[in-house]
Amino acid sequence: MNTTSHIHHGQWRRPDAGQTEFNDVNTWIDLAHTLEAAKFDAMFFADVSGLYGDSDADFDVYANEGLQIPSNDPTVLLGALAVSTKHIGLATTSNVVQNHPYNFARQISTLDHISNGRIAWNIVTGINDNASRNYGLPQLTDHAERYAWADEYVDVAYKLWEGSWDAEALKKDKENGVYSDAAKIHKIYHEGPRYRVEGPHLPSPSPQRTPLLFQAGSSASGRAFAARNAEATFIIAPSPAIAAELISDTRRLAGEFGRHPEDIKFFQGLSFIIGDTEEEAKEKEAYYDQFVSVDGYLAHSAIVDKTGRVYPPETRIADLDTNTGKGFSEWVSKHITDREPVVADIAWLQARNTRVVGTPEQIADEIEKWQAAGVDGINVINWVIPGSFEEFADKVLPVLRERGLAQSEYAKGTLREKLFGDGPLLNDRHPAAGYRGAFTSGPTSWEEAETTRGLEVQRAGVES
């Protein structure tokens, strides 16, 4: 994350922690070069649009811990990384609240052009009141309604990316003076509960058209959204068994949306403490724990009720009535079975349960267990930058390559081609593909669009 303290709080105080210099673009360019040399698939940037916790309370702990304040916009940063790299994928997180879909679609197309097709979008719906207030809302929208909002948001973007320009619209014909064919560029005339977008999409189609689509929701609503939209899902399951359950359910849902189970890849978030011997790894773990900020983890995992008040750490998970952290609380309930889990357990889950401690060979053994559970890849979560990634690249990746678990060279093409091996575009089973050619004979005015929608509603009523 483009900030000092992202997941593992307190580690920024270590002498070797370079994430305190996140404002310096060279921190990220140098890291991108390190990751690309190690053949990492992608850099995945998280983001938030506001403070965690109770929006009416003080935020001293967040400021003191550097906990996602200050933080910078990752989408802007990706432009610098795109021109500094050639192969590695670049994933940005953008909340549906924070940017109008028309403007966002244009930004992503621009980045996909700059990077020659290496951009991914992590679709999020937001989890805090402060972010909602920053964009004019009184508080965080209800959980189910946020996903309904996201459904419309992505549909607007899909229409712009996939439907606004036909395949042969861009001509660059100097002899005849035709740069692009207006007859093959279309307005979309979208009108829904939240957005009214005319179009057309201003950028011409980028190498991927639609960026590779990440999603990280683990609640029931989140899994349904991922099953319809995601190509890659970021999970932080507390155990391989729970990961297997979540993956199986999401892939089952994908089938209900007309997709194939293998259309979605799952990436488990893990942190690594690596030693040349088991004893050294345990000594390093004790050293890392000296810097752990319990206050930071508790602040990050702050669960609020539907009025925005933070639940005390001793609150039973079973008593929560919340719009935030539903996936984490569900996982905690499944993971802790010998007693009644409480809110504080969510913090410790983040701090400890996704760390892997051991020699490179032991770590490879653990990664194989996650793979056996259905996980397609690992999202390496750092303790410090750049050391966590350098150490993983130097010590663990050679072992993974020996076992056939990590690539030695990049595949050719766009990020989508690198991960899935097919063409640069979304496959035909994805809902966005339905907008290809949808506007070729579409309406030419709002009046015509409204008439067409009225007829469609009438036909739907007759058919039902």
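**Figure 1. The largest nonpolar core has 74 residues.** This is a predicted model. Within this core, the residues with the most contacts are Trp-28, Phe-40, Met-43, Leu-81, Phe-272 and Phe-392. Helix 6 (residues 143-163) gives the most to the core: ten residues. A separate core of 13 residues lies apart from the largest one. Ile-7, Phe-44, Phe-234 and Ile-236 are among its members. In soluble globular proteins, nonpolar side chains tend to be buried together.

**Figure 2. Surroundings of Trp-28.** Neighbours within four places in sequence are left aside here. Trp-28 is in contact with Met-1, Asn-2 and Thr-3, among others. Its contacts also include Phe-22, Met-43, Phe-45 and Leu-77. Leu-81 and Ile-385 are on the list as well. Two of these partners, Met-43 and Leu-81, are named with Trp-28 among the residues with the most contacts inside the largest core.

**Figure 3. An aromatic pair, Phe-40 and Phe-389.** The whole structure holds 19 aromatic pairs. In this one, the ring centres lie 6.4 Å apart and the planes meet at 80°. The angle is over 60 degrees, so the pair is edge-to-face. Buried means under 20% relative accessible area. Phe-40, at 12% relative accessibility, therefore counts as buried. Phe-389, at 8%, also counts as buried.

**Figure 4. Strand 3 and its parallel partners, strand 2 and strand 8.** Strand 3 (residues 119-124) is mostly covered, with five of its six residues buried. Strand 2 (residues 89-95) runs parallel to strand 3, and six bridges join them. Here Thr-92 stands opposite Trp-121. Strand 8 (residues 212-215) also pairs with strand 3 in the parallel sense, over four bridges. In that pairing, Asn-122 faces Phe-214 as its opposite residue. Strand 2, helix 4 (residues 101-115) and strand 3 together make a right-handed β-α-β unit. In a regular strand the side chains alternate between the two faces of the sheet.

**Figure 5. An aromatic cluster and two arginines over rings.** Phe-104, Trp-121, Tyr-153, Trp-161 and Tyr-195 form one aromatic cluster. Trp-121 is the strand 3 residue that stands opposite Thr-92. Two arginine-tryptophan arrangements are shown alongside. Arg-194 lies over the face of Trp-149, 3.6 Å from the ring centre. Arg-196 lies over the face of Trp-446, at 3.7 Å from the ring centre.

**Figure 6. A buried glutamate, Glu-162.** Glu-162 is found in helix 6. Its relative accessibility is 2%, so it counts as buried. Which residues is Glu-162 in contact with, leaving aside neighbours within four places in sequence? Gln-208, Arg-209 and Thr-210 are among them. Leu-426, Ala-432, Tyr-435 and Arg-436 are the others listed.

**Figure 7. The hairpin of strand 4 and strand 5.** Strand 4 (residues 170-173) pairs with strand 5 (residues 178-180) in the antiparallel sense, over two bridges. Leu-170 has Ser-180 as its bridge partner in strand 5. Four residues lie between the two strands. Gly-177, in the turn, has a positive phi of about 70°.

Note on methods. Residues numbered from 1 in each chain as written. Heavy atoms only, no water. Buried < 20%, exposed > 50% of the residue type's maximum accessible area, 1.4 Å probe, protein only. Pairing = 2+ DSSP bridges. Right-handed = clockwise from strand over helix to strand, strands pointing away. Core = buried A, V, L, I, M, F, W, Y, C linked by side-chain atoms within 4.5 Å. Contact = heavy atoms within 4.5 Å. Phe/Tyr/Trp six-rings, centres within 6.5 Å; stacked < 30°, edge-to-face > 60°. Lys NZ or Arg CZ within 6 Å of the ring centre and 35° of its normal.
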